[in-house]
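This report goes through one protein chain and its ligand, part by part. Have the sequence and the model at hand while reading.

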Amino acid sequence: MEKRIKEILSLSPSDEIIRVEGWVRTKRDSKNVSFAEINDGSGLKGIQIVIDHQSFSEELIDSITTGSSVIAEGMIVASEGGAQATELRCTKLELVGACPADYPLQKKRHTIEFLREKAYLRPRTNLFGAVTRVRNTMAYAVHSFFQENGFVYVNTPLISASDCEGAGAQFQVTTLDMENLPRTEDGKVDYSKDFFGKLANLTVSGQLEGETYALAMKNIYTFGPTFRAENSNTARHLAEFWMIEPEMAFCTLEGDMDTAEKFLKYIFKAVLDKNEEDMAFFSKFVLDGVVETLEHVIESPFEHMTYTDAVKILEKHNDAFEFPVSWGTEIQSEHERYLTEVIAKRPVIVTDYPKEIKAFYMKMNDDGKTVRAMDVLAPRLGEIIGGSEREYRYDVLLDRMKELGLDPEAYWWYLDLRKYGSVPHAGFGLGFERAVQYVTGVGNIRDVIPYPRYVRSCEY
Ligand code: 4AD
Ligand code: MG
């Protein structure tokens, strides 16, 4: 394979002919030579190519414009300019794709909102190039962490007939004719005529299916897209996001929290190790101190507190909140930030939430009021992980489902799993984009996924 520009930039001058393929970021002409900076996405820095006016036609030189794609060949020489150590002195130059002057990415700094509208070109900017590389490092680290620790990667279905979180925030999947819906005798939509013969949705989580594999393979993880039709127009919600969901058998909440903490630290460290240049860029242009924050998080143990204790702390500051807290209320984003930024100054794991505000599958505590849930809250962002020990006792789970008005028939296999060799097990879900947001300091989740989907927006 051809060398990438990142590698070429580290070469010393020699008479070897090097080939560069990439897109022109900038070009400037002087009397006898032109300089163009070429970038191929391998790093922030591009390579300067030097085009001697005597060796190439004026027509070719003029056609090398910002945004055009080129192939250049030549030797690496020491650069006379101060900005770079080396440059490529062209002996061959080819314009592959021309780029007219209406190219949206000009040399000035564009706003992030402007770039969101040009999502098909934004990976060619420094910011989105860096986000893309960091996201890649994190995805690879997710697999490395679990593979090194004996977890098996499982692909759970994206189309599902059950609602994992029971929140009703699902996108329906159907091939029925919306203009002419088949009806049953009592006037309801007749899903027996639909593609699957029943109502189906895009999954909100692979957890339930993941549990069935954990109860065979012991430790598994999923890493895939999930879909939520939440009407949340915020900087941390997407309608389509990627989630990592490990599930561990013979494991209780303590093991779950321990894995979550080690896992987060591992992927953060991978970025600090591999993306030094990109992180320095985020520190300079996106969020001052983002590197130090990550280093601090990696070094310090996460804070632990129960929901009840968290509420006691928060209640004292109720005047400061838009939504005052009392036992039983949701811990919202402003409270999460208060706990992590003001109280703990690091990530906090909150456990044992009231059953009313958590999902049906979580293990009931002996008090009958709280469940073995845990959320990992991060400064700036709030919740990045949600997890729990699962209710593995058949009767307790069945009672809970009835209490919540869930149809046990619809979850027959999930209940059956508790009949056949049930065992304490636990897991969690990390929102991948929230993790990328945290690492890069990027404020809006729409800018850490290539093509964001959110309320009233499905471009490209
Ligand atoms: O807390 P959640 O809803 O938990 C679950 O789905 C469990 N089934 C996970 C498990 O135990 N296996 O979602 C998990 C995480 C959240 O903490 C958050 O980081 C992210 O997924 N998340 C979202 N990210 C972006 N946009 C959204 N709309 C999100 N909803 C949840
Ligand atoms: Mg949650």
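## Terms and numbering

Helices (H or I, at least four residues) and strands (E, at least two) are DSSP runs, numbered from the N terminus. The model is predicted, so local features need pLDDT of at least 70 and side-chain atom pairs count only at pLDDT 80 or more, while totals for chains, interfaces and linings use all residues; side-chain values use heavy atoms, with hydrogens and water left out. Residues are numbered from 1 along each chain as its sequence is written, and chains are lettered from A and ligands numbered from 1 in the order in which they are written.

## The chain as a whole

The chain holds 13 helices and 16 strands. Its C-alpha trace spans about 85 × 55 × 45 Å along the principal axes. Of its 460 residues, 50% count as buried. Here buried means under 20% relative accessible area, exposed means over 50%, and partly exposed lies in between (1.4 Å probe, protein chains only).

## Salt bridges across the sequence

Side chains of opposite charge can pair when their charged atoms come close. The structure holds 30 salt bridges, each a side-chain nitrogen of Lys or Arg within 4 Å of a carboxyl oxygen of Asp or Glu. One of them joins glutamate 277 and lysine 45, at 3.2 Å from N to O. Glutamate 277 lies in helix H7 (residues 276–285) and lysine 45 in the loop between strands S2 (33–39) and S3 (47–52), so this pair ties together parts that are 232 residues apart in sequence. Glutamate 277 is partly exposed, at 27% relative accessibility, and lysine 45 is exposed, at 54%.

Helix H7 also carries aspartate 278, whose side chain meets that of arginine 133 in a salt bridge of 3.0 Å, N to O. Arginine 133 sits in helix H4 (residues 126–148), and the two partners are 145 residues apart.

Glutamate 211 belongs to helix H5 (residues 207–217), and arginine 390 to the loop between strand S15 (382–389) and helix H11 (394–403), so the bridge connects parts 179 residues apart in sequence. Glutamate 211 is buried, with a relative accessible area of 0%, and arginine 390 is buried at 2%. Elsewhere, salt bridges that share partners join Glu2, Arg19, Glu21 and Glu73 into one network.

Which residues come nearest to ligand 1? Of the 25 residues around the ligand, they are Glu165, Gln207, Arg228, Glu245 and Glu383; a residue is counted if one of its heavy atoms lies within 4 Å. This shell divides into nine nonpolar, eight polar and eight charged residues. Ala, Val, Leu, Ile, Met, Phe, Trp, Tyr, Cys and Pro count as nonpolar, Asp, Glu, Lys and Arg as charged, and the others, Gly among them, as polar.

An oxygen atom of ligand 1 is 2.7 Å from an N or O atom in the side chain of arginine 228. For glutamate 383, the distance from a ligand oxygen to a side-chain N or O atom is 2.6 Å. A ligand nitrogen is 2.9 Å from a polar backbone atom of leucine 238. Taken alone, ligand 1 exposes 620 Å², and the protein buries 94% of that. Strands S11 (240–249), S15 and S16 (425–431) are the elements that give two or more residues to the shell. S15 gives the largest share, five residues.

## Helix H13

Helix H13 (residues 432–440) is mostly covered, with nine of its nine residues buried. Among them are Phe432, Arg434 and Tyr438. Just after H13, glycine 441 takes a positive phi of about 85 degrees.

## Serine 333

Serine 333 lies in helix H10 (residues 333–344) and is partly exposed at 29% relative accessibility. Serine 333 and leucine 377 are 44 residues apart in sequence, and their C-alpha atoms are 9.4 Å apart in space.

Terms used. A polar contact is a pair of N or O atoms within 3.5 Å; within protein, one must be able to donate a hydrogen and the other to accept it, and residues adjacent in sequence count only if both atoms are side-chain atoms. Accessible areas come from the Shrake-Rupley method with a 1.4 Å probe; for residues, only the protein chains shown count as cover.
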